[in-house]
Amino acid sequence: MRGEMAAFILLAAVTVIPAIVVVTSRNIVRAALSLVPAFLGVSGLYVLLQAEFVTAIQILIYAGAITVLILFVIMLTAGGTGLPLRQVNEQVPLGIAVAGALAGGLLFVLLRAPWPVVSGEMPRYNAKAIGTALLTNYVLIFEVTSLVLLVSLIGAIIIARKEGS
């Protein structure tokens with residue numbers, strides 16, 4: 001149990017410290033690049049929970065694709081020019097108050113809730129079980145979702161296409 005706790009503490013630090021950099025950094029590129037270790041720390045937490053499929057999706061989608069997408073948006077807009085932009089945030093006191101209220105509520109629930117220890121083997125949610133479920137019990141939902149994504153992709157191509165070409 002000590003090894004799991006040490007791994008959890010290490011992964012929590014790898015997740016929280018870059019997340020703080022994301023929120024507090026004035027350089028938008030540094031903030032976007034700090035998302036990568038935060039996402040990888042979350043995927044490490046999924047490994048501790050024995051959720052291999054969710055770990056793989058977290059690494060592929062978030063640590064890879066979403067971070068690259070954010071960097072492309074930054075580079076294609078005024079954020080990547082390096083010009084200093086004056087940012088004024090007048091909602092810091094409100095944000096601190098809401099964060100404090102949320103932290104208080106979470107601590108209240110954490111300390112009041114009974115946390116039973118489950119004995120026995122944890123259910124296995126691996127890629128084979130998820131794939132079997134998607135192609136048997138949830139095949140209609142899976143196919144409808146793929147059609148919605150296809151239609152939205154075709155719509156985006158039509159909208160992005162220039163007039164007359």
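Guide: The protein chain exposes about 13500 Å², of which carbon and sulfur atoms supply 73%, the accessible areas coming from the Shrake-Rupley method with a 1.4 Å probe and, for residues, with only the protein chains shown counting as cover. This is a predicted model, in which local features need pLDDT of at least 70 and side-chain atom pairs count only at pLDDT 80 or more, while totals for chains, interfaces and linings use all residues. Residues are numbered from 1 along each chain as its sequence is written, and side-chain values use heavy atoms, with hydrogens and water left out.

The protein chain has 6 helices and 0 strands, where helices (H or I, at least four residues) and strands (E, at least two) are DSSP runs numbered from the N terminus. Of its 165 residues, 11% count as buried, a word that means under 20% relative accessible area, whereas exposed means over 50% and partly exposed lies in between (1.4 Å probe, protein chains only).

Thr-67, with a relative accessible area of 3%, touches Ala-32, Val-36, Phe-39 and Tyr-62, leaving aside residues up to four places away in sequence; contact here means heavy atoms within 4.5 Å. A polar atom of the Thr-67 side chain lies 3.5 Å from the backbone oxygen of Ala-63.

Two of those neighbours bring us to the rings. Rings of Phe, Tyr and Trp (its six-membered ring) pair if their centres lie within 6.5 Å, with planes under 30 degrees apart counting as stacked, over 60 as edge-to-face and the rest as tilted, and by this rule there is 1 aromatic pair. The rings of Phe-39 and Tyr-62 have centres 5.5 Å apart and planes at 50°, so this pair is tilted. Because Phe-39 lies in helix H2 and Tyr-62 in helix H3, the pair ties together parts that are 23 residues apart in sequence. Phe-39 counts as buried at 17% relative accessibility, whereas Tyr-62, at 38%, counts as partly exposed.

Key:
Polar contact = N/O pair within 3.5 Å; in protein donor to acceptor, adjacent residues only side chain to side chain.
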